[in-house]
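This briefing sets out selected features of the structure shown below. The points are grouped by topic.

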Amino acid sequence: MSQDIPVTPAISALSGSVSSVVALMIIYPLDTLKVRIQVDNTHDLKVKKTIYEKIVGILSTEGPLGFYKGLSSNMVNQGLNGYIYFYIYSSLRQNIQNYFIKKSKIALTSVSLSTPTELAVGALAGMLCQCVTLPLSVIATRQQTTYTEAPKPWSTIVRDIVKNDGPAGLFKGFGPAMILCSNPAITYGLFEKIKEFIIRRKRGHSAFLTASEAFAAGAISKVVATVVTFPYISAKTRLMWTPTKEEIERHGDDVIYKGSFDVLKKLYKLHGIKGWYLGMQIQIIKAFITQALVLMFKEIITKYIITTLNFLRKRRTA
């Protein structure tokens, strides 16, 4: 079936936003578990609780809802993040492709971008996106790391942050967040390359991936990106988190961070290289499933939107 209506940036953004929120709702308990592991300040790795013990601990002290602290903040964050990211990413990618098509001396309907170009487009889209959505990530992280039964509401957290750190406190973790823009850049750049490879093998039978193909391509892409960037994922979480008075009394300057390099230096001092990768197994599982779901749902939603628009267009012209 020919694709009469192109996939515009608005369509890509809408499908990306919806798929991001749906995937988050499915996988959120793993995200909370990962954040808790990353801010665990036990100095001796040998006495750190196992994943099972942490799950039991959250259930016994906070109940099942303890795994869903900060969900509303994260849903708004993911929805905005998904829409803004995919809109900018699709617009930039489309404009660059159109530029190369016009510049080409032969007739082309599409062009494959180089890997450095794909990575640059993804990184720029991520940077612009983080400038808008980072405060929501800070609020959600503070809620997820509240060990009481009821998390603080948004307004209280924002008031506390501004009171203690000023408005700049809402952008804690900005440095590693900018570095981590390479994560979606690697993910989507690699995904586009895998997608192009699969579609070429279909020899024009379909311009879309199947659900299983999108799931596999998305999972592979995200795992590679996560392994490469995880130390800064950990640094970003710790900068967004705020230690309690009791934790400061127990650990002193070891839990007070001046920046991402300070986080990495102190984690290395306490735990060695292992300290940079605390919680990575959970992050990989979470990232594997989340990104695979996002890209799978995005392909399905995009295909549904295009099919529906084509159907409506044909009815109007019939």
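A residue is called buried under 20% relative accessible area, exposed over 50% and partly exposed in between, with a 1.4 Å probe and protein chains only. By that definition Ser15 is buried, with a relative accessible area of 0%. The model is predicted: local features need pLDDT of at least 70, side-chain atom pairs count only at pLDDT 80 or more, and totals for chains, interfaces and linings use all residues. Residues are numbered from 1 along each chain as its sequence is written, and side-chain values use heavy atoms, with hydrogens and water left out.

- Ser15 belongs to helix 1 (residues 9–38); helices (H or I, at least four residues) are DSSP runs numbered from the N terminus.
- Beyond its neighbours within four places in sequence, Ser15 is in contact (heavy atoms within 4.5 Å) with Lys298, Ile301 and Thr302.
- Ile305 is located in helix 11 and counts as buried at 18% relative accessibility.
- With neighbours within four places in sequence set aside, Ile305 is in contact with Ile11 and Leu14.
- Ile305 and Tyr52 are 253 residues apart along the chain, and their C-alpha atoms are separated by 42 Å.

**Annotated segments**

- An unreviewed UniProt entry carries the annotation "transmembrane region" for residues 6–28, 207–233 and 276–297. UniProt positions are given in the numbering used here, feature names are shortened, and annotations may be inferred rather than shown by experiment.
- In the model, residues 6–28 are 87% helix and 0% strand (strands being DSSP runs of E, at least two residues), with the end C-alpha atoms 33 Å apart.
- Residues 276–297 are 82% helix and 0% strand, and their end C-alpha atoms are 32 Å apart.

**Nonpolar cores**

- A nonpolar core is a set of buried Ala, Val, Leu, Ile, Met, Phe, Trp, Tyr and Cys residues joined through side-chain atoms within 4.5 Å.
- The largest such core has 19 residues, of which Tyr85, Phe86, Tyr89, Ala125, Tyr188, Phe191 and Leu209 touch the most other members.
- At least two residues of this core come from each of helix 3 (71–103), helix 4 (115–144), helix 7 (182–201), helix 8 (211–240) and helix 11 (280–317). Helix 3 supplies the largest share, 5 residues.
- Because domain 1 (69–170) and domain 2 (173–278) both give residues to this core, it lies between them; the domain bounds come from an automatic or database domain assignment.
- Phe191, leaving aside its neighbours within four places in sequence, is in contact with Leu209, Ala214, Ala217, Gly218, Ser221 and Leu295.
- Another core, of 14 residues, lies apart from the largest one and includes Tyr232, Ala235, Trp241 and Val255.

**Aromatic pairs**

- Rings of Phe, Tyr and Trp (its six-membered ring) pair if their centres lie within 6.5 Å; planes under 30 degrees apart count as stacked, over 60 as edge-to-face and the rest as tilted.
- The whole structure contains 8 aromatic pairs.
- The Tyr83 and Tyr87 rings are stacked, because their centres are 6.2 Å apart and their planes are at 10°. Both residues lie in helix 3, 4 residues apart, about one turn of the helix.
- Tyr83 is partly exposed at 36% relative accessibility, and Tyr87 is partly exposed with a relative accessible area of 37%.
- Tyr232 and Phe261 form an edge-to-face pair, with ring centres 6.4 Å apart and planes at 90°. Tyr232 lies in helix 8 and Phe261 in helix 10 (residues 260–271), so the pair ties together parts that are 29 residues apart in sequence.
- Tyr232 counts as buried at 18% relative accessibility, whereas Phe261 counts as exposed at 62%.
- One aromatic cluster is formed by Tyr85, Phe86 and Tyr89.

**Salt bridges**

- The structure holds 10 salt bridges, each a side-chain nitrogen of Lys or Arg within 4 Å of a carboxyl oxygen of Asp or Glu.
- Glu62 pairs with Arg36 in a salt bridge whose closest N and O atoms are 2.9 Å apart. Glu62 lies in helix 2 (residues 51–62) and Arg36 in helix 1, so the pair ties together parts that are 26 residues apart in sequence.
- Glu62 is buried at 6% relative accessibility, and Arg36 is buried with a relative accessible area of 4%.
- A salt bridge joins Arg93 to Glu192, with the closest N and O atoms 3.5 Å apart. This pair links distant parts of the chain, Arg93 in helix 3 and Glu192 in helix 7, 99 residues apart.
- Lys266 and Asp262 meet in a salt bridge of 3.2 Å, N to O, and both residues are buried.
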